Amino acid sequence: MAENKTQPTEASVLEFLENVTPETKKTDSLLLLDWLEKVTGFSPKMWGPSIIGYGSYHYKYASGREGDAPLIGFSPRKNALTLYVTFYESEKPQDLSKLGKFTHSKACIYVKKLEDIHLDELEKIVKQTMQFTKEKYPD
C-alpha cells in the first residue's frame, strides 16, 4: 500500500507562514497558529509542505489502510484558510449555523477572513473534533 503523502516534518511553521500572501492571510494565519495552540494544548507542527497540525492520531480503516494524521490542522490556501476538522461523522453533528461566514466540505471548513467567523463557535468545533477523533481512534 502506498505511503501517505502528508507526514509530519521538521520544517519551520514560522518560516512557512512568512511566505504566505496576501499580508491579511499571513496575519490571520499567525493569529490562528497561536489560538489553536491554546485551544488544543498541542504545539504546531508542519505536516507535508503546507498543513499546520496540532496533535496526532493513528487511524486504521477496514480496508487495511492506516496512517497518522493531525487531530486538528489548518492551511492558508490560495482561496481560503482551510481548517481540517471532523464534524461530519459525529453522532452529534455540530451546529455550524452560529460559526459565521464560511463554506465547508466533509472534513474542512473554508474561511476567507478570520474576522468572518466566531472563534468561540470554532473552539467548540475544535474540541468536539478532538474528542470524536480520540474516541474513534484510541491510542
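A residue counts as buried under 20% relative accessible area, as exposed over 50%, and as partly exposed in between, using a 1.4 Å probe and protein chains only. Keep that in mind for this tour of a predicted model, in which local features need pLDDT of at least 70, side-chain atom pairs count only at pLDDT 80 or more, and totals for chains, interfaces and linings use all residues. Residues are numbered from 1 along each chain as its sequence is written, and side-chain values use heavy atoms, with hydrogens and water left out.

**First stop: Thr40**

Select helix H2, residues 23-40, and you will find Thr40 in it; helices here are DSSP runs of H or I with at least four residues, strands are E runs of at least two, and both are numbered from the N terminus. Thr40 is buried, because its relative accessible area is 9%.

Now show the side chain of Thr40. A polar atom there lies 2.8 Å from the backbone oxygen of Leu36, and the side chain also reaches the backbone nitrogen of Phe42 at 3.1 Å.

**Second stop: strand S8**

Move on to S8, residues 108-111, and colour S6, residues 81-84, with it: the two pair in the antiparallel sense over 4 bridges. Pairing requires that DSSP finds at least two bridges between two strands. Pick Leu83 and look across to Ile109, its bridge partner in S8.

Finally, select S7, residues 103-104, which runs antiparallel to S8 and is joined to it by 2 bridges. Thr103 has Tyr110 as its bridge partner in S8. Between S7 and S8 sit 3 residues, and the two strands form a hairpin.

Notes: A polar contact is a pair of N or O atoms within 3.5 Å; within protein, one must be able to donate a hydrogen and the other to accept it, and residues adjacent in sequence count only if both atoms are side-chain atoms.
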